[in-house]
Amino acid sequence: MSTKHNGPATASTPPSTGAAGGEPAPHDSGDHLALPRTIDVRVLRQDAPGQESYWERHAVAWEPNMNVISVLQKIAAGARAQDGRQVAPVAWDCNCLEEVCGSCTMLINGRTRMACSALVDRLVEEHPDGIELRPMLKFPVVRDLVVDRRRLFRSLERVKAWVPVDGFYDHGAGPRISPEEQEDAYPLSTCMSCGCCLEACPQFTRIETVRRDGETEEAFEQRRTAAFDRGFIGAHAISQAVLFNGHPIGKLIADERMEAVTDQGGIQMCGNAQNCVAVCPKSIPLTRSIARAGRAATMWAIRKIFDR
Amino acid sequence: MAQPRVLVVGGGLAGLSAAMRLAELGSDVDLMSLVPVKRSHSVCAQGGINSVNALTRQQGDNEWKHLDDTIYGGDFLQHQPPVKEMADWGPRIIDLMDRLGVPFNRTPEGFRDQRRFGGTLYKRTAFAGATTGQQLLYALDEQVRRFEAQGKIRKFEFWDFLSPVLDDSGRCRGAVCQDMVSMQFRTFPADAVIIASGGCGLVYGRSTMSMVCTGSAVSRVYQAGAAYGNGEFIQVHPTAIPGADKLRLMSESARGEGGRVWVPRRPQDARDPRSIPEAERYYFLEERYPKYMNLVPRDIATREIFDVCTTEGLSVEKDRLCVYLDLTHLPREELDRKLHGILEIYEKFQGVDPRDVPMKIFPAVHYSMGGLWVDYQKSASGGLEEGSPRNQQTSVPGLYAIGECDYQYHGANRLGANSLLSCIFSGLFCAPGVIASAGSGKKTAADESQRLFTTALRREEERHEALLTRPGGGENPYQIHLELGELMTRVATVVRRNDQLAPAYEEACQLEERWRRCSLSDTGNWTNQNVVFTKSLGDMFPLAKLILKGALLRDECRGAHFKPDFEMPDIKATDPAAQLAEAELWCDRFEENTRRWLKSTIARHGTDGHPQISYEDIDTSLIPPRPRLYGLVGGETVEEVWKKRARKSAQDKGQEKGVTAGSERS
Amino acid sequence: MTPNESSRSFFARNQFLIYRLFSLSGLIPVGAFLVVHLLTNASVLGGAASFQSRVDMIHGLGPLLVPVEWAFIFLPMLFHATVGFMIIGGGLPNVGSYPYVGNIRYTLQRATGMIAFAFIIWHVLQLHWMGEPLGGGRFDPHHATSSAAEVVAPLAISLLYAIGVLSTVFHFANGLWTQGITWGLWTSPQAMRRANYLSIAVGTLLAAAGLGAIGGLRGTDTAAARAVETRMDDQRRLLEGQPPSPLSGTPAPGRPVPGRDSGAEDAIDLRSGSDLVPLLIPEPAGAVAPTTGPAPLSGN
């Protein structure tokens, strides 16, 4: 075997960035003349909640196969704005970098999407004058591109998105499920709680609760949760309610879910703009879920009114 | 005593299953994670989860064979009782996940469908599309949310575990952690602490692992005194998509569903791969391993792909090493049904539809077989004693490790679709023992003197403060990480050589020195990712050093650890008698090597910052070690000789155990 | 989960029901009224007599007309508008960032809702007798075609009517489609597509009826129409034993209503409801045929 190459990564691609970044390497390659050698990146920054936001420009050296994550890694590693000023690295969320964890949602050229699957070459094709990065609008900014998406998980709790099993002792296999049912359920189950559907939804508006002076953490959390519970649960949570109401055991608490889905901020808030399904990175049939939940809510309301 | 309180660090499959089982058993649980638990790295697992099932059982499969495949695939480097227990629990775990609503793919009649994975001849792998890890994780996340709604589990997301708090007797009493948003420090008194923080892929820079897989929590308990086992055993996955920021996994299920690996016989054949006729394609795995074909164990597949590109120069591209992974002969509709998730990843990140064009893939660092050393209590039947506080306990009492960050289940090489099983198993299984341990302490953590926690807290605050106030203009942590990753990838992945490992260890030490001089570009105290990363980078060095040291000292080939200088030779003779004689010698050498090296590497953090390496004997009471002969020239002769010896040895011992050696290449 | 039932407002507790009633009211009765109204108006294309006879049928309701108008038209419409404004206030249109067809329709739905609301108020005040104090109330139910034709005679007014009608029709037709999703009538993307064709067809038909009526009125020979109307009015009076109207043949705008406050049983105020109640009037099958035409947008 070769004595030179002993490892996969160095052998397979030119050493460029480490996992969390790399110094903007000097760049040469003239083989992509159509593309700019540096990319103009504008980032909307905010140092902390409640502070003013401001734009910052960065020039990032172009490399083949870049995505927005690698752009941000380079910005973090360089920590200099375009004018040469030393600046703190831009903060952003990411984890898996293969579009299954749902972390890296942000507004890229004005549109909500996952930074990992946003390929730079394609962005530059669409907007030759550079890339604009902003935090999501519908969630409170923590810092720079990092937002607080707690509300999204709270919605999952509101709709009781789980199968109410007795416990974790052995009770044999679960119910038999036809391939058709599985194929129906599986896409809904791939929702990674990224929040794109909520960001693009004109009916979903930001709820930001600020801790008051002297308020205990518990009291603040309670107040924040109560505020969340007045707001729209959003397409993702409606879809999860549909998923679990369709499961043979999950449906045992279907009424409780419908109670939540028709409570304040429930499915009635949907305005049928259908942006959710258009921006969902996993192409989850969210509007189908919403319509199904709408139908179930109709039946449920009739039952509720006439069965008691 | 009051209800025990347990701190679980990490919210992947292992951490979540431990948390929910602990909650079910009545414990209060604090669940801590660097990211919202639903975003844990387990979501990246694609192919499936192994267990014996009704179908394979009728084809002659049983738990013992699952155990045997796992042990054999792992080159006998793991203690056998925990693996036996895991294999026994397999069917129950799949049933449980099924009940929790995981949308496993189904047969037309409505049963769970299974696919075949590497290292076995049975279709043992249940799967949910090509996002099985994600689906399993979500099911557990949902149950944990259910307990959270009831107040039994408290989540601490975006929190960084900094150090365990040990009392004067050395028992773990809790931890010091930091809120990564407000940067506030806080102590978490606990009756037991479970580390479930996953692998340490970031030590290698780019890998198939997620950005949280820094290994920092593991490194911090290692530095606090916990022993680390088999660090040098790092799995390099044969098939990944090379990328600038990450090497994205292309699941083994692509081969499990019929994907074929090949290269053009003519080096760097520029033709469209689809137009290259069959005769001019080199299906090297199929030719070399007619029994397992494309589904040889991962270490073998990785080495073959690496070898065909480097030694034989048959890489598809000249500047970038890669081979074809071809699915184009399979029906699109079936591909979409079974592999949609991974095909979508390839399509999105490479811009090419793998249903039409063969994928270009190359090996990448993927999994850490090694991890924190953990104990177990063996049962009379050869498995584990459920409820024993020793199960999954590290060398620090009251401190546990489960999932990828323990060293227990996969030996020298992990079989595909066994990791999800080991994560869920270790999480569920350890819970009763953890509770027993929590109750066994003389005092519960709540009564423990405040002194311990105040001291520990202050130490972390000081460390943090020192980092923030370093003078500017020093080293760049991202640059150091880049160099560390390149170093590790170069010397400690597929092929390892002592003449590279020894200097690499020195280089790592130098990088660590440079890290001490690095300065931060962000010195603020609000969501400072710069300081969190720099801390975790510092904690990569102890791991990097124990990996390098372990690899340097282990002069043999075993599983993922391949040192060509110590490779067992092929049988070269052609005359049958000479062949037999050579095989006898081969077996002698094998037995000698087993005596010398069939031991776990145990690293302890020395006061000088260097790992102190010792070796631990392995419990092979269930399945005696035998040569792993995948691909060995003359393997069948060796097998013949070996079987004869094994029979004799069995007669000598007066016991009967199924002993077979698998020979491959004809 | 819900903190304290009593601490939440009535609206919060009944949000789902209120929004569903809102959705329903858009179809029944408001939407249904719109359909009948537009088709009635379109009958002007069949001539002044055809339109006049339909208006007469509506006004045949007599004293019931006012309560019927309020119960089935004004109040539901006010309810729909009130909740509608609340919904609009709670949303953040973002069609600039997400210019998808669905989103454009979402935005248009809100814009047309607001236009329709303003238009309807103007329209009612202009034609319905309630607008008389403000100088409106120009529709004369006994001279339906001629009085309406005079109203829309200025081109600007016709254009405003056209905008109002198209907005209202879009709002209704698009609302029909979204309503089917809201109530769960069509759930799959394919079914939604089919339903979409249906609502496009309904919208096109109604738009044609509405614009046809405006065109029909503009093309009306007012004097001839008035002659027809006067003859019909005289016939009616004859049947009812009243003398022919002294004012017959003169334009309606602004004039005092004779007998309005007389209290006599024969002084049924035929103008009181203008043509606001067509939904209760069974339409002769032929007259509803869409192509036969639009008519004045009096009333609603």
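## Basis of the description

Contact here means heavy atoms within 4.5 Å. By that criterion, 95 residues of chain A are in contact with 100 residues of chain B. The structure is a predicted model. Two pairs of chains touch, and the pair with the most contacts is that of chains A and B.

## Chain A

Chain A contains 11 helices and 7 strands.

## Domains of chain B

The domain assignment divides chain B into domain 1 (5-233 + 369-452), domain 2 (237-363), domain 3 (458-553) and domain 4 (572-653). Between domain 1 of chain B and domain 3 of chain B, the centres taken over C-alpha atoms are separated by 27 Å. At this interface, 26 residues of domain 1 of chain B are in contact with 29 residues of domain 3 of chain B. Together these two domains of chain B, domain 1 and domain 3, bury about 2,400 Å², with 65% of it on carbon and sulfur atoms. On the side of domain 1 of chain B, the residues that lose the most area to domain 3 of chain B are B:Val203, B:Tyr204 and B:Glu232, which together account for 28% of what that side buries.

A salt bridge joins the side chains of B:Arg220 and B:Asp539, with an N to O distance of 2.6 Å. Strand 7 (159-166), strand 8 (172-179) and helix 6 (216-223) of chain B are the elements that give two or more residues to the side of domain 1 of chain B that touches domain 3 of chain B. Helix 6 of chain B provides the largest share of that side, 6 residues.

## Interface of chains A and B

The size of an interface is often given as the accessible area lost when the parts come together. For chain A and chain B, the area buried between them is about 8,100 Å², and 55% of it lies on carbon and sulfur atoms.

There are 5 salt bridges across the interface of chain A and chain B. A:Glu99 forms a salt bridge with B:Lys348, and the closest N and O atoms of this pair are 2.5 Å apart. Between chain A and chain B, 35 residue pairs are in polar contact, with both residues at pLDDT 80 or more. Elements of chain A that each supply at least two residues of the side touching chain B include helix 2 (68-78), helix 4 (150-158), helix 5 (179-189) and strand 6 (141-143).

## Interface of chains C and A

The contact between chain C and chain A takes 33 residues from chain C and 40 residues from chain A. About 2,900 Å² is buried between chain C and chain A, of which carbon and sulfur atoms give 56%. No contact joins chain B and chain C, and their closest C-alpha atoms lie 10 Å apart.

Across the interface of chain C and chain A there is 1 salt bridge. The side chains of C:Arg8 and A:Asp263 meet in a salt bridge, at 3.1 Å from N to O. The count of residue pairs in polar contact between chain C and chain A is 18, both residues being at pLDDT 80 or more.

Key: Residues numbered from 1 in each chain as written. Chains lettered and ligands numbered in written order. Predicted model: local features only at pLDDT ≥ 70, side-chain atom pairs only at ≥ 80, totals over all residues. Heavy atoms only, no water. Helix = DSSP H or I, 4+ residues; strand = E, 2+ residues; numbered from the N terminus. Domains from an automatic or database assignment. Buried area = accessible area lost by both parts, 1.4 Å probe. Salt bridge = Lys/Arg side-chain N within 4 Å of Asp/Glu carboxyl O. Polar contact = N/O pair within 3.5 Å; in protein donor to acceptor, adjacent residues only side chain to side chain.
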